[in-house]
Amino acid sequence: MYYYIINPASGGGKINKVQDKLKERLRELGIAGEFVKSTGPGDVARLTKMAIDRNYKTVVAVGGDGTINEIINAIGDAKVALGIIPMGSSNELANMLGINDWQIACNILAARKVEEVDLGRINDKLFVTAASIGFDNVLFDLKRSQRSGALGRFAFMTKLSAAAQKFKPIHLEFNFDDKYSVETDCFNFSLSNGAFLSYVPQKSRPQDNMLDAVLISHLSFSDTIKYGQGTLDFTKKPGQISVFHTKKIHVTSKEPVTVSADGKAVVETPVTIEVSDRKLRVIVSKKRHF
Amino acid sequence: MFEHKKDEFVSTGAAETVVGTSVKLKGNLKSDGDITVDGSVNGEIKTKGTVTIGPNANIIANVHAKNVNVAGIVQGNVVATDRLTVSESGRVYGDISANILSISPGALFSGKSTMAENIKEPEMELVVEKEEVVEQDTENAKK
């Protein structure tokens, strides 16, 4: 039986427009299980634990990366498979798993092909896509508040321009696997669990028990705008990016700075981030990017 | 992040490890894959693949790899089990050893040169996995 956790706040309420069609399609496929709606922060975790207590074997996140993050942190050691119907403002995991929209997601859920993927850990918090410090955290906030339509895009661009002018690179020091250390001024630092970043070499996989540390140094104003829009071509910026493969990294800065996981602020520096012993069982598409 | 991904995976070249221009690295950088250095490294670089030292790189380190391409500055010994190439902008202050050696006109090399047919491959450290059972039990105990 499938247990669907709907986050009505995800992606500015995308689910509300397609909810009836979605349920109908799931019924057609014979996988219409129980539907529950979260009511606020922390409620997704409560609902996940409830599903585990009631012995559900498949918990489906109807939302984005933030919803998924709450579920994976609540699953614990339970033998539960995670399904995804992408409805968030950020759907990084779904994209990597080849789940591009809710219609495709329904078919993938019905096929129920399960793979194990790595999880990252920051203190006692797990993440599945990436941990970030720097400009990504500004973008997460902008994306979350972005409204749809031309006016929404205009407002986003205005805020992005203001943020790009204001943002200053952060001096960070990293220690990798207790073997070598790196220091640099960082526009952005991401610790990615697989092929979530286009500019990481393609060997990156979410099943290799490794994390990819990606450091972007200073970017000009115009490049920052392109970065925010997702159009910056890093192949034309040799030397701007550093990439290290690691199991464990310790990050320090002069002043505490925010560290996010799966797009949500979780802690401040100094911080140790590493590959977790736990794995996530997740339903994937045959067209996944790993 | 943010929509750079999906289908169009851009590569930073074939290198698995990239040390960017503004980065200062201290310690021993070891890898099985290719390494590109455009910043500064103080320590040691060792890989079974290729090390590419870019024109902006400044390295105070011994380098041991299958192939080594030098376009920047290296202060240290360089051992290439296969090919060592020092291009026009390259500066090597140290001893070099390679099966195949190529030094372009304009390059600077100060040290001893050895050419051998069978230079030993870089030895990688044996990675011993943690005892997962013990780790997981500890995790469970915390719950």
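Biologist: At what angle do helix α2 and helix α3 of chain A pack?
Modeller: Helix α2 (residues 43-53) and helix α3 (residues 65-75) of chain A pack at about 45°, and their axes are 8 Å apart. Helices (H or I, at least four residues) and strands (E, at least two) are DSSP runs, numbered from the N terminus. Axes are lines fitted to C-alpha atoms, for helices over the stretch in contact, and the angles run from 0 to 180 degrees between N-to-C directions.

Biologist: What does that angle make α2(A) relative to α3(A)?
Modeller: It makes α2(A) oblique to α3(A). Angles under 35 degrees count as roughly parallel, over 145 as roughly antiparallel, 65 to 115 as roughly perpendicular, and the rest as oblique. The crossing of α2(A) and α3(A) is right-handed; a crossing has this name if the near helix is turned clockwise from the far one by less than a right angle, and is left-handed if anticlockwise.

Biologist: Which residues make the contact?
Modeller: From α2(A) they are A:D43, A:V44, A:A45, A:T48, A:K49 and A:I52, and from α3(A) they are A:T67, A:E70, A:I71, A:A74 and A:I75. Contact means heavy atoms within 4.5 Å. By class, six of these residues are nonpolar, two polar and three charged. Ala, Val, Leu, Ile, Met, Phe, Trp, Tyr, Cys and Pro count as nonpolar, Asp, Glu, Lys and Arg as charged, and the others, Gly among them, as polar.

Biologist: Before we go on, what sort of model is this, and how are its parts labelled?
Modeller: It is a predicted model, in which local features need pLDDT of at least 70 and side-chain atom pairs count only at pLDDT 80 or more, while totals for chains, interfaces and linings use all residues. Residues are numbered from 1 along each chain as its sequence is written, chains are lettered from A and ligands numbered from 1 in the order in which they are written, and side-chain values use heavy atoms, with hydrogens and water left out.

Biologist: How do α6(A) and α8(A) cross?
Modeller: Helix α6 (residues 135-145) and helix α8 (residues 221-229) of chain A cross at roughly 55°, and their axes come within 11 Å. These two helices are therefore oblique to each other, and α6(A) passes α8(A) in a right-handed crossing. A:F135, A:D136 and A:L139 of α6(A) meet A:T224, A:Y227 and A:G228 of α8(A).

Biologist: And which residues of α5(A) are buried?
Modeller: In helix α5 (residues 102-111) of chain A, they are A:W102, A:A105, A:C106, A:I108 and A:L109. Buried means under 20% relative accessible area, exposed over 50%, and partly exposed in between (1.4 Å probe, protein chains only). The buried residues of α5(A) pack against β1 (2-6), α1 (14-28), β3 (58-63), β4 (81-86) and β16 of chain A.

Biologist: What caps the N-terminal end of α5(A)?
Modeller: A:D101 does, with a side-chain oxygen 3.1 Å from the backbone nitrogen of A:Q103. Following α5(A) comes A:R112, whose phi is positive, near 50°.

Biologist: Which other residues have a positive phi?
Modeller: Among them are A:N55, at about 70°, and A:D178, at about 60°; neither is a glycine. Most residues other than glycine have a negative phi, and most peptide bonds are trans.

Biologist: Is A:N55 buried or exposed?
Modeller: A:N55 is exposed, with a relative accessible area of 54%, and it lies in the loop between α2 and β3 of chain A. A:D178 also counts as exposed, at 63% relative accessibility, and its place is the loop between β8 (170-176) and β9 (180-186) of chain A.

Biologist: Is the peptide bond from A:T269 to A:P270 cis or trans?
Modeller: That bond is cis, with omega near 0°. A:T269 lies in the loop between β15 (264-268) and β16 (271-283) of chain A, and A:P270 lies in the loop between β15 and β16 as well.

Biologist: Why does A:T269 count as buried?
Modeller: A:T269 counts as buried because its relative accessibility is 5%. Its side chain makes a polar contact of 2.7 Å with the side chain of A:S253. A polar contact is a pair of N or O atoms within 3.5 Å; within protein, one must be able to donate a hydrogen and the other to accept it, and residues adjacent in sequence count only if both atoms are side-chain atoms.
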